[in-house]
Every structure is written in structure tokens, then in C-alpha cells.
Amino acid sequence: MLCLAAVLGIEVTALSLRVDNATLPPAGHLLPLLRDWGPAVVRGAIAFAAVFLTFAFLKSRVALEQIVLRPLQPVWLAAHAVAATGFAFATMRLYAGQLPNLDPDLLVAAWALTGLLTVALAAVGFLSLGTWREVRSATGSLWVVALSTALVASFFTQPARALWAPTTRLTFTLVKFMLSWILPEATTAAEKATIHAPHFSVIIAPECSGLEGAALILVFGIAWLWLFRQECRFPWALALLPLGVIALFILNAVRLTALVWIGNAGAKQIAAGGFHSQAGWISFNAVAFGLSAVARRSPWFSLRLKREASGATEDATTAYLVPFLAILGVGMLARAASSGFESLYPLRLVAGGAALWIFRRSYRDCNWRFGWPAPVAGLGVFVLWVALDRLVGVSSSSPIPSALKAMSGSGRILWLSARVLAASVTVPIAEELAFRGYLMRRLVAADFENVNPRRFTWFSLALSSAVFGAVHGSSWMAGTAAGLVYGGVYARSGRIGDALAAHATTNILLAICVLVLHQWQFW
């Protein structure tokens with residue numbers, strides 16, 4: 001199922017990069033409907049796949065592992081390839097307005113049926129009809145839950161916009177109140193949700209009202225309560241949901257207040273650049289972490305008893321995750337304090353190095369040796385990364401960032417040295433500990449320290465690689481492929497040193513590309 005979702009996801013992503021919803025011609029009745037609701041259907045499909053695959057693993061893994069998988073069906077997969085090619089060609093012509101002289105509604109209906117046929121052929125190519133019946137039996141009502149989530153994700157977006165106006169007014173009122181204490185000379189215009197400081201002005205747009213963040217934290221809270229429902233003290237634990245929403249609204253108002261204060265103090269580029277984009281995610285992560293901590297540690301909300309044997313596992317989890325989280329957290333703070341170029345990047349090197357040093361005794365049992373296949377795998381990932389970079393249309397060279405070029409000679413050397421050291425040492429170690437050493441084994445068993453890497457499952461390899469790709473942002477496709485290779489190297493040898501050597505090789509070669517060939521897009 002993961003392979004099926006991956007193939008369809010790659011095909012949809014590749015196709016979506018080549019079409020624009022706004023170019024659909026307004027002909028007939030179905031084309032305007034497709035323009036208005038097409039993106040919602042895609043969101044729903046993604047939500048259905050994410051919810052179904054996640055909870056199938058969490059709820060029905062044992063039953064699914066008992067299903068005997070039959071070989072792939074090459075005939076159906078070949079038919080899928082033909083149908084997908086035809087569907088892609090028809091999609092590009094449809095979105096370009098190059099329609100034949102036929103009824104446009106009939107054309108859209110035929111196009112939609114071709115798309116459904118393409119998906120069905122892929123489904124029976126990966127799993128036979130008999131296997132699908134066994135999957136349905138093993139997962140029970142999960143299909144209904146996933147479909148309900150998909151419908152909400154598809155069609156709740158438009159009605160939710162009706163809440164933007166009142167939430168914008170609420171956020172505006174909170175920001176106005178906070179500024180009255182630290183910047184009393186600021187003036188406001190409620191009808192346009194505008195705040196004027198002496199040297200800086202801000203318009204609180206509906207997208208900045210905090211509604212989307214509140215929805216995210218609500219989804220996070222519901223997922224947490226569901227996953228850890230055996231440990232939660234109901235109904236008291238339900239109070240965590242409004243507490244999280246309220247906390248995020250307040251922090252969003254604090255973010256906007258700080259934005260005005262920073263801009264008025266003279267740092268306009270920092271306020272409008274890094275701080276504006278990063279402070280929201282910092283707030284969300286803070287509230288999500290706080291909810292998780294309170295939910296598990298407060299006797300008001302948790303039924304969890306202290307287990308005598310849990311201390312070692314929790315300590316190991318901390319040791320494997322903290323270096324990566326330290327680099328990630330410091331990076332968010334550094335970007336928030338920047339105006340586009342992350343001049344404080346050396347702090348990531350310091351944070352990662354310090355965390356690895358603090359927990360160094362926890363890594364004594366890790367096998368850091370590696371063989372020659374590991375650097376070769378890293379070279380292969382490098383070639384693949386560059387090829388995918390070219391495939392998405394990135395220019396062959398990118399100039400050095402102007403902020404780095406404007407630094408003094410010593411400052412530029414310090415920044416570049418820290419960047420290379422982090423890319424070749426601290427980042428590979430921290431990411432391999434987190435994604436291969438912890439997550440890939442944790443998806444196999446809770447006591448991950450006792451899991452032999454060779455005991456990996458395809459699910460653990462695929463999901464850990466997908467998460468690894470997600471943290472690489474716009475390079476998610478190359479990141480996911482890299483995660484699969486590093487995970488495969490780790491599973492083959494059973495040594496985390498091999499995954500680390502492959503990862504470091506890739507990063508060193510990318511650094512050479514940046515410094516020698518001026519491929520700054522890789523950084």
C-alpha cells in the first residue's frame with residue numbers, strides 16, 4: 001500500500017507542477033466545477049491516504065502483517081503506465097484550453113473516468129482484488145474514518161473562511177491591547193485591521209488571524225488523544241483541546257505584537273522576513289510540545305503509571321532525538337532573527353555539537369564502523385539529488401547570497417567553515433541518530449534499542465524516509481530518496497556508521513558543488 005501511495009503521489013506531484021488551475025477555460029458546466037473544487041478533491045485524496053495508512057499501522061498492523069502478499073501484476077502495472085501517460089497528456093491539453101470540437105462536459109467526464117481507471121489499474125497492479133478484500137476485513141471501519149477526514153479536508157475549507165473575519169477582529173484586539181503597554185504611541189484602524197507605529201505599520205490579514213494555527217493544533221490535539229487514549233483521563237483530558245487553541249491564539253497575538261515592536265525599532269527586514277515566517281511555527285511547536293508534556297505528566301489529564309523499566313528507553317529516546325531537535329530549534333530561532341539570509345547559522349553547529357557531546361556516553365553501543373559501499377551509496381545519492389534538482393527546473397548556477405558577500409573576510413570564512421563542518425559532521429550524525437537510529441527502529445517496536453536494524457519493515461523504512469524528506473522542504477523528493485538509500489545501507493550492514501558515512505559523503509559533495517561550482521541552491 002505504501003508503494004502504491006508513493007507511486008500515485010509522485011505522479012500527481014509531477015503532473016501538478018505542469019498545470020495551473022487558473023488556466024482552465026470557463027466552458028460548459030463541469031469545467032468551472034473542476035476549477036473551483038479540483039484542489040479540494042486533491043486535498044481530500046491526500047488526507048484519506050495519510051489517515052488510512054497511519055492508523056492502519058497503529059491499529060491494524062498485526063492483522064495486516066498476516067496477509068500473504070501476492071506478486072506484483074506486471075500486466076496491470078503496464079496498463080496503468082499506458083493509462084497514466086494518456087491521462088497526463090489529456091490533463092495538460094485540458095488545462096491549456098486545447099479542447100477538441102466536442103461537448104466540454106462530455107470531455108471532462110471522460111477525463112475524470114480515465115483518471116479513476118488509472119488509479120484502479122495501479123491498485124490491482126500492486127495488490128490483487130483478493131488482497132484488497134483481506135485489507136478491508138483487517139482494517140474494519142477505518143475506511144469510513146479516513147473518508148470522513150477526507151471530506152472534511154476537502155469541503156470544510158470554504159465554510160471555514162467565514163470565521164476569518166471574527167478571528168481577525170479578535171487578534172487585532174489582542175495585539176492592540178498588548179501594544180498599549182509596550183508601544184503606547186501606536187495608532188490603530190479597526191476597519192482595516194491596521195496598526196501604525198511611528199516607524200512601522202502592519203495589516204493583520206485574515207491569514208495571520210491565527211485561525212489556521214488553531215485548526216492545526218486542534219487536529220494535533222485530537223490525534224494525540226486518540227493515539228494515547230489508554231493513558232488519558234477522560235473527560236478531563238478533553239480540556240486540553242480548548243487550552244491549546246487559546247494558547248496558540250495568545251502566542252499569535254504576541255508574535256504580531258513583537259513583529260510591530262521589532263519593525264518599529266529599526267529592524268524592518270528582520271520583522272518582515274525571518275521573524276514573520278518562523279515565529280508562527282515556533283509558537284505552534286511550543287504549544288504542541290507543551291500539550292504533549294502536560295498530557296503525559298499531569299495527574300489531571302493522565303492515567304499513566306511510572307514503569308520501572310521505562311527510564312532507560314526514555315533516556316535513549318532523548319539521546320537519539322535531542323541533537324536533531326537542537327539543530328532544528330536553533331535553526332528556527334536563527335531564521336526568525338534574520339532578514340532572509342541565515343547569518344547566525346554557526347549557532348546550529350554549536351547546538352548540535354553541544355548536544356552530541358552531552359549525550360556522548362549514550363552512543364557507546366552504536367557501531368560507528370563503515371565499509372566501502374557506504375561512500376559509494378552517498379555518491380549515488382549525490383548524483384540523484386543533482387539530477388532531481390535539474391528535473392524541477394532549477395538554474396544551473398546560483399550566485400552567492402548578497403548578505404554573505406557583504407560580510408567581512410573573516411566573517412565569511414567563519415560562516416562557510418561552520419556551514420561545511422555542520423553539513424559534514426554534526427548534521428549527518430544528528431539526522432542519522434534521529435531517523436535511522438531511532439525512528440526507523442521505533443516503527444518496528446517500542447523498545448527500539450533492542451531492535452536489530454536488519455529486522456526493519458518496509459513500512460518503517462518508507463515512513464522514516466518520507467519524514468526525512470519532509471524536513472528538507474522543497475527538496476522533499478530528493479530527501480525521501482536519500483532516506484531510502486541511507487536506510488537501506490543501515491539495514492544491510494546493521495551499522496549506523498554506514499548510514500552516517502553515506503550521508504556525510506552526499507553532504508560533502510554538495511558542499512563542493514556550492515563552493516567550487518557556485519551551486520548555492522543546494523544550501
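The model is predicted, so to speak of local features a pLDDT of at least 70 is needed, side-chain atom pairs count only at pLDDT 80 or more, and totals for chains, interfaces and linings use all residues. Residues are numbered from 1 along each chain as its sequence is written, and side-chain values use heavy atoms, with hydrogens and water left out.

**The chain as a whole**

The chain's secondary structure comes to 19 helices and three strands. Helices (H or I, at least four residues) and strands (E, at least two) are DSSP runs, numbered from the N terminus. Of the 523 residues in the chain, 41% are buried; buried means under 20% relative accessible area, exposed over 50%, and partly exposed in between, with a 1.4 Å probe and protein chains only. Take the contacts with a separation of 6 or more: 75% of them come from residues 24 or more positions apart. Contact here means heavy atoms within 4.5 Å.

**The sheet**

The three strands make an open sheet in the order E1-E2-E3, with antiparallel pairing. Two strands pair if DSSP finds at least two bridges between them. At the edges sit E1 (187-189) and E3 (200-203), each pairing on one side only. On average, neighbouring strands are turned by 15° against each other, direction ignored. Angles run from 0 to 180 degrees between N-to-C directions, and axes are lines fitted to C-alpha atoms, for helices over the stretch in contact.

E1 and E2 (residues 194-197) share three bridges, and Ala189 has Thr194 in E2 as its bridge partner. E2 and E3 are joined by four bridges, one of them between His196 and Ser201. Getting from E2 to E3 takes a hairpin of two residues.

Helices pack on this sheet too. H8 (residues 164-182) touches E1 and E2, and its direction makes about 20° with that of E2. H10 (residues 240-264) lies across E2 and E3, running at about 155° to E3. Within E3, Phe200 and Val202 are on the covered face, while Ser201 and Ile203 are on the uncovered one. In a regular strand the side chains alternate between the two faces of the sheet.

| Helix pair | Angle | Distance between axes |
|---|---|---|
| H16 (residues 409-442) and H17 (residues 458-470) | about 150° | 9 Å |
| H18 (residues 476-493) and H19 (residues 496-517) | about 150° | 7 Å |

H18 is therefore roughly antiparallel to H19, and H16 and H17 are roughly antiparallel as well. The cut-offs: angles under 35 degrees count as roughly parallel, over 145 as roughly antiparallel, 65 to 115 as roughly perpendicular and the rest as oblique.

Where H16 meets H17, the residues include Phe435 and Leu439 from H16 and Val467 and Phe468 from H17. By class, that contact has six nonpolar, two polar and two charged residues. Ala, Val, Leu, Ile, Met, Phe, Trp, Tyr, Cys and Pro count as nonpolar, Asp, Glu, Lys and Arg as charged, and the others, Gly among them, as polar.

In the other pair, Tyr486, Val489, Tyr490 and Ser493 of H18 meet H19 residues, among them Ile496 and Ala499. This contact of H18 with H19 divides into six nonpolar, three polar and one charged.

**A closer look at Leu461**

Leu461 lies in H17. Is Leu461 buried or exposed? Its relative accessibility is 7%, so Leu461 counts as buried. Not counting residues up to four places away in sequence, Leu461 touches Met440, Phe456, Gly483, Leu484, Gly487 and Gly488.
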